[in-house]
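Please open the model in a viewer and keep the selection tool at hand.

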Amino acid sequence: MKSKNDSIRCTVQQCQYHAGQDQYCSLDKITVGTHEKHPTMVECTDCQSFKLK
Ligand code: SF4
């Protein structure tokens, strides 16, 4: 199992960087971005380090 990064919580199990049974990311750092011109709510943001398993 990948080691988790306690600083990055994540629930996206479908990502290949997810730490497994714990709700954490295994990367040292991630990039968060947006797909909106004017983001106004949480749904407007994305983890741009996501990679499908
Ligand atoms: S790269 Fe992003 S989506 Fe993937 S496990 Fe890490 S925080 Fe979650």
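Begin by selecting valine 12, which is partly exposed, with a relative accessible area of 33%; buried stands for under 20% relative accessible area, exposed for over 50%, and partly exposed for what lies in between (1.4 Å probe, protein chains only). The model is predicted: local features need pLDDT of at least 70 and side-chain atom pairs count only at pLDDT 80 or more, whereas totals for chains, interfaces and linings use all residues. Residues are numbered from 1 along each chain as its sequence is written, and side-chain values use heavy atoms, with hydrogens and water left out.

**Stop 1: around valine 12**

Valine 12 belongs to the segment before strand S1 (32-34); strands (E, at least two residues) and helices (H or I, at least four) are DSSP runs, numbered from the N terminus. Which residues does valine 12 contact, leaving aside its neighbours within four places in sequence? They are His18 and Phe50, where contact means heavy atoms within 4.5 Å.

Next, display the surface of Val12, Phe50 and Leu52, which form a nonpolar patch with about 270 Å² of accessible area together. Such areas come from the Shrake-Rupley method with a 1.4 Å probe, and for residues only the protein chains shown count as cover. Patches consist of residues with over 30% relative accessible area and no salt bridge; nonpolar side chains (Val, Leu, Ile, Met, Phe, Trp, Tyr) are joined within 5 Å, and like charges within 9 Å.

**Stop 2: histidine 18**

Move to histidine 18, also a contact of valine 12. Is histidine 18 buried or exposed? It is buried, because its relative accessible area is 4%. Its side chain reaches the backbone oxygen of cysteine 10 at 2.9 Å; a polar contact is a pair of N or O atoms within 3.5 Å, and within protein one must be able to donate a hydrogen and the other to accept it, while residues adjacent in sequence count only if both atoms are side-chain atoms. Beyond four places in sequence, the contacts of histidine 18 include Lys2, Gln23 and Tyr24.

**Stop 3: serine 26**

Select serine 26, which is found in the segment before S1. This residue counts as buried because its relative accessibility is 19%. Its side chain reaches the backbone oxygen of tyrosine 17 at 2.6 Å. Not counting residues up to four places away in sequence, serine 26 touches Lys2, Ser3, Lys4, Asn5, Tyr17 and Ala19.

**Stop 4: the charged network**

Side chains of opposite charge can pair when their charged atoms come close. A salt bridge is a side-chain nitrogen of Lys or Arg within 4 Å of a carboxyl oxygen of Asp or Glu, and the count comes to two. Lysine 4 meets aspartate 6 at 3.7 Å, N to O. Aspartate 22 forms a salt bridge with lysine 4, the closest N and O atoms being 3.6 Å apart. This second pair links distant parts of the chain, 18 residues apart, with both residues in the segment before S1. Shared partners join Lys4, Asp6 and Asp22 into one network. Lysine 4 is partly exposed at 36% relative accessible area, aspartate 6 is exposed at 56%, and aspartate 22 is partly exposed at 30%.

**Stop 5: the cysteines**

Finally, select cysteine 15 and cysteine 47. Cysteine 15 counts as buried at 9% relative accessibility, whereas cysteine 47 counts as partly exposed at 38%. How many disulfides does a search of the whole structure find? The search finds zero, a disulfide being a pair of cysteine sulfur atoms within 2.5 Å.
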